[in-house]
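Okay, thanks everyone, I'll keep this short. Let me put the model up and then walk you through a few parts of it.

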Amino acid sequence: MRSAVLVETTEFELQDRPRPSPGPDDVLVAVRDVGICGSDVHYYEHGRIGDYVVEDPLVLGHESAGEVVEVGENVTDHEPGDRVALEPGVPCRRCAHCKHGDYHLCEDVRFMATPPHDGAFTEYVSWPADFAYELPDSVSTAEGALCEPLSVGIHACRRGGVGTGDTVLITGAGPIGLMVMEAARAAGATDIILTDVVEEKLDFADKRGADLTVNVTETDLEAAVDEYTDGVGADVVVEASGAEPSIQSTIDVVCRGGTVVLVGLASEAEVPFDVLEVIDNEIDVHGSFRYKNTYEAAVDLLADDEVDVEGIIDFESQLEDIDDAFRRAMEPTVVKGMISLDS
Ligand SMILES: NC(=O)c1ccc[n+]([C@@H]2O[C@H](COP(=O)([O-])OP(=O)(O)OC[C@H]3O[C@@H](n4cnc5c(N)ncnc54)[C@H](O)[C@@H]3O)[C@@H](O)[C@H]2O)c1
Ligand SMILES: C[C@@H](O)[C@H](N)C(=O)O
């Protein structure tokens, strides 16, 4: 089978690898669509993300969906022909975190395209059947693949307790910020503010229904939020840029008693934060790491047309053109590139 393998930083090689056989509890999936995530691009450019270092050739890609072509002997809930979205992180199922239900915090998770685990820029993936979610006819495999960033958005909104009538401020209008917007709308938020430093990203967020967009290079965010919320602040602030000034600004724009959710990964682990403001204003600050139990919700939201994910796709390329696709994905105005695989 054809697999795009990262053999050096900024260099993919198209290799012919043996097609896997499904284990007894697995499905073998012919991959149809895979999104290019910022973390894929980071591994491609730098060969590492923090402590995760690409030491051996690696197949990237963790936003994927495809068609079941074979099932293991114990699998009863999928059959060949089913179209499925693959949840990319499979936990050990045995540790304390898994047993508490926080399987996304499992330290032995096998997460696609996180070294040393291969991902989905390949023709076939064998994957545990219970981490493959059937797509109804109305949901495309491209949408199925984008259940992954949508899941990040759903989990962040759950962490922030986003509810009906809330004003939600999202910093960073990249794919994650935009998916947080979709999830927040679906959770009942009535006012959504997006920030960014790239005007095209904000124009795009406007077109997708943001109630207010703020270019923080030109406009004082605190003043803009004060004006929009009559001096109250946002109920929930979701940080989705990873930019240090943006992380710090969350405390200035959240309302007293409100919630800040940190999703964006800062380049430095330590970011100065005004803890007195956190205490005085009784602000809840939550980290949000990947997701748990979101895929079924993501598929249902797509089936019910409650969210749009396909609209964030800028371009689709073939596996053979993956180098070029990654270079395009690095352009600052591009939101989402996809790789499509034919059978
Ligand atoms: N916690 C998690 O589980 C999780 C999951 C996926 C991604 N992430 C992280 O979330 C962040 C967003 O992911 P993405 O794929 O959308 O990244 P991205 O780089 O595509 O988007 C980030 C956006 O933030 C904007 N930005 C930069 N500086 C800013 C500032 N000061 N204020 C406002 N906006 C600013 C950029 O222009 C860009 O549009 C990244 O840091 C990523 O690593 C975290
Ligand atoms: C969650 C996922 O999208 C993220 N890129 C990660 O590797 O954690």
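So, start at the ligand: helix 5, strand 14 (191-196) and helix 8 (244-253) each put at least two residues into the shell around ligand 1. Keep in mind that this is a predicted model. Helix 5 gives the most to that shell, with 3 residues. In total 27 residues surround ligand 1, and the closest are Gly172, Gly174, Ile176, Ser241 and Gly242. If you sort the shell by class, you get 13 nonpolar, 11 polar and 3 charged residues.

Zooming in, strand 13 (residues 167-171) and strand 14 run parallel and are joined by 5 bridges. One pair to look for is leucine 169, whose bridge partner in strand 14 is isoleucine 193.

Back to helix 5, residues 175-186: its axis and that of helix 4, residues 147-160, come within 7 Å and cross at roughly 60°. The two helices are therefore oblique to each other, and the crossing is right-handed. On the helix 4 side the contact includes Leu150, Ile154 and Cys157, and on the helix 5 side Ile176, Met179 and Val180 are among the residues they meet. By class, that contact has 12 nonpolar, 1 polar and 1 charged residues. Ile176, then, turns up in this helix contact and also among the residues closest to ligand 1.

Technical notes:
Residues numbered from 1 in each chain as written. Chains lettered and ligands numbered in written order. Predicted model: local features only at pLDDT ≥ 70, side-chain atom pairs only at ≥ 80, totals over all residues. Axes fitted to C-alpha atoms, helices over the stretch in contact; angles between N-to-C directions. Helix = DSSP H or I, 4+ residues; strand = E, 2+ residues; numbered from the N terminus. Parallel < 35°, antiparallel > 145°, perpendicular 65-115°, else oblique. Left-handed = near helix turned anticlockwise from the far one by under 90°. Contact = placed C-beta atoms within 7 Å. Nonpolar A, V, L, I, M, F, W, Y, C, P; charged D, E, K, R; others polar. Near = placed C-beta within 6 Å. Pairing = 2+ DSSP bridges.
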